[in-house]
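Please keep the structure open while you go through this note.

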Amino acid sequence: MEVKARAPGKIILAGEHAVVHGSTAVAASVDLYTTVSVRLPSSSDENEIVKLQLKDLELEFSWPVSRIREALGVFVGAISSPTTCPAECLKSIASLVEDQNIPEVKIGLASGVAAFLWLCSSILGFVPVEVAITSELPLGSGLGSSAAFCVALSAALLALSGSVNVDREHHGWMVHKEDELDLLNKWAFEGEKIIHGKPSGIDNTVSTYGSMIKFRSGNLTLIKSNMPLKMLITNTKVGRNTKALVAGVSERAIRHPDAMKSVFNAVNSISDELSILIQSPIHDDVSLTENEEKLAELMEMNQGLLQCMGVSHASIETVLRTSLKYKLISKLTGAGGGGCVLTLLPNLLSGKVVDEVIAELESCGFECFIAGIGGKGVEISFSDLS
Ligand SMILES: Nc1ncnc2c1ncn2[C@@H]1O[C@H](COP(=O)(O)OP(=O)(O)OP(=O)(O)O)[C@@H](O)[C@H]1O
Ligand SMILES: C[C@@](O)(CCO)CC(=O)[O-]
Ligand SMILES: [Mg+2]
């Protein structure tokens with residue numbers, strides 16, 4: 001039997017980093033997906049192994065089930081609800097990851113493989129299983145690749161374990177019931193903790209539920225934009241790691257508690273105002289343009305505060321300057337430090353200007369694309385019932 005799950009990436013319109021410190025943030029799913037396919041090998045297979053294939057990267061990892069049981073047996077046992085991986089267990093997982101000799105240039109994958117081992121053994125127990133991953137999302141670029149990975153993985157593993165009740169006769173993609181989404185979102189959050197260190201939970205939540213969300217201290221409100229939002233996404237292709245950037249902001253907050261508290265409060269006000277703005281009614285082109293101008297200003301202010309937090313980067317500044325030549329406003333999205341930048345494309349902007357700004361950004365070596373925003377969350381499909 002094979003179960004597939006796919007989960008979308010996300011953009012953060014306002015509030016990244018500050019959300020880790022209790023401020024509101026606003027995020028939307030993007031229509032780029034990570035797909036996880038999980039298969040229990042037939043009982044005739046001789047060797048009991050757990051296999052993880054990262055198809056796009058042409059990498060494959062495998063462990064004998066007995067090796068995983070020996071390393072994690074004391075920690076995993078009878079877990080039935082989402083549980084944080086204990087520090088001691090993380091050490092044992094690290095030794096399982098070390099077995100695989102991941103090449104130094106791809107060492108960033110180690111945290112993803114660790115999250116896989118925790119989710120897989122906690123949800124399925126110690127059984128032979130084959131897991132294959134493909135992703136349309138650039139990894140480590142601010143579009144929530146880690147969350148999409150954890151959400152799709154949790155969804156597929158829970159479906160295979162029988163913990164969620166889905167119609168296995170149905171052909172094609174299906175959506176989960178609300179309580180099942182809540183369960184898989186909690187498991188995905190436990191995976192994100194292994195990858196991000198101290199995640200707010202916004203990325204896994206928007207990947208799970210899709211749409212557009214306002215998120216604060218673990219609580220989400222689904223929102224619907226009345227403004228047709230068009231964002232150009234520019235991938236600077238500068239690699240970075242969310243865990244290190246989040247830790248850097250926390251260290252700055254320890255060094256300058258009062259100043260950083262004011263920065264986080266300012267971001268909170270920006271996110272609140274932004275969420276009210278995009279939900280407010282649009283009557284005509286004049287009110288659309290007015291609201292777009294306000295949105296651009298809020299994005300510009302948020303970017304300034306992200307600079308205050310120390311998470312901008314020379315490549316991001318180049319995107320800001322380049323888009324400004326065309327009177328377009330940009331801000332980083334996700335953890336920053338490189339990665340992706342959003343540029344607001346007003347609805348009445350001519351296609352010629354969009355083409356020109358894209359050409360100039362691409363001439364800097366960046367990659368530009370426009371993705372659909374606010375679509376579906378995680379979905380599941382049973383492709384083989386034999
Ligand atoms: N498809 C995947 N296969 C394996 N590991 C993945 C995959 N997607 C993400 N990961 C893991 O997540 C890491 C990237 O996560 P990170 O949080 O740094 O960036 P991001 O999620 O893309 O951006 P952000 O957190 O800013 O939205 C990768 O280095 C890898 O460990
Ligand atoms: C930087 C951050 O705020 C968003 C990353 O997409 C981290 C988090 O909220 O977990
Ligand atoms: Mg991430």
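Predicted model: local features only at pLDDT ≥ 70, side-chain atom pairs only at ≥ 80, totals over all residues.

1. Start with the pair α4 and α6. The crossing is right-handed.

2. Now look at the residues that touch. From α4 come A147, A148, C150 and V151. They meet D203, N204, S207 and T208 of α6. Sorted by class, this contact of α4 with α6 has four nonpolar residues, three polar ones and one charged one.

3. Helix α6 also packs with α5. The axes of α5 and α6 come within 9 Å and cross at roughly 145°. This crossing of α5 and α6 is right-handed. On the α5 side, find L181, L184, N185, A188, F189 and E192. On the α6 side, find D203, N204, T205, T208 and Y209. The classes here are five nonpolar, four polar and two charged residues.

4. Compare the residue lists for α6. D203, N204 and T208 are in the contact with α4. D203, N204 and T208 are also in the contact with α5.

5. Next, go to α1 and α2. Helix α1 spans residues 65-76 and helix α2 spans residues 87-98. They pack at an angle of about 170°, and their axes are 9 Å apart. How are they oriented, roughly parallel or roughly antiparallel? Angles over 145 degrees count as roughly antiparallel, so α1 is roughly antiparallel to α2. I68, A71, L72 and F75 of α1 make the contact with C89, S92, S95 and L96 of α2. That contact has six nonpolar, two polar and no charged residues.

6. Turn to ligand 1. How many residues surround it? The count is 25, and the closest are G112, S145, S146, T242 and G334. Two or more residues of this shell come from each of α3 (109-124), β5 (129-135), α4 and α5 (178-196). Helix α4 gives the most, with four residues. By class, the shell around ligand 1 has nine nonpolar, 15 polar and one charged residues.

7. Then take ligand 2. Its shell has 15 residues, of which E16, P199, S200, G334 and A335 come nearest. Helices α6 and α7 (242-255) each supply at least two residues of this shell. The classes around ligand 2 are seven nonpolar, six polar and two charged.

8. Finally, check the record. An unreviewed UniProt entry places "domain: GHMP kinase N-terminal" at residues 124-210. In the model, that stretch is 52% helix and 8% strand. The end C-alpha atoms of residues 124-210 are 26 Å apart. The UniProt entry, again unreviewed, also places "domain: GHMP kinase C-terminal" at residues 291-346. Over residues 291-346 the chain is 55% helix and 14% strand. There, the end C-alpha atoms are 10 Å apart.

Conventions:
Residues numbered from 1 in each chain as written. Chains lettered and ligands numbered in written order. Left-handed = near helix turned anticlockwise from the far one by under 90°. Contact = placed C-beta atoms within 7 Å. Nonpolar A, V, L, I, M, F, W, Y, C, P; charged D, E, K, R; others polar. UniProt positions renumbered as here; feature names shortened; annotations may be inferred. Axes fitted to C-alpha atoms, helices over the stretch in contact; angles between N-to-C directions. Parallel < 35°, antiparallel > 145°, perpendicular 65-115°, else oblique. Near = placed C-beta within 6 Å.
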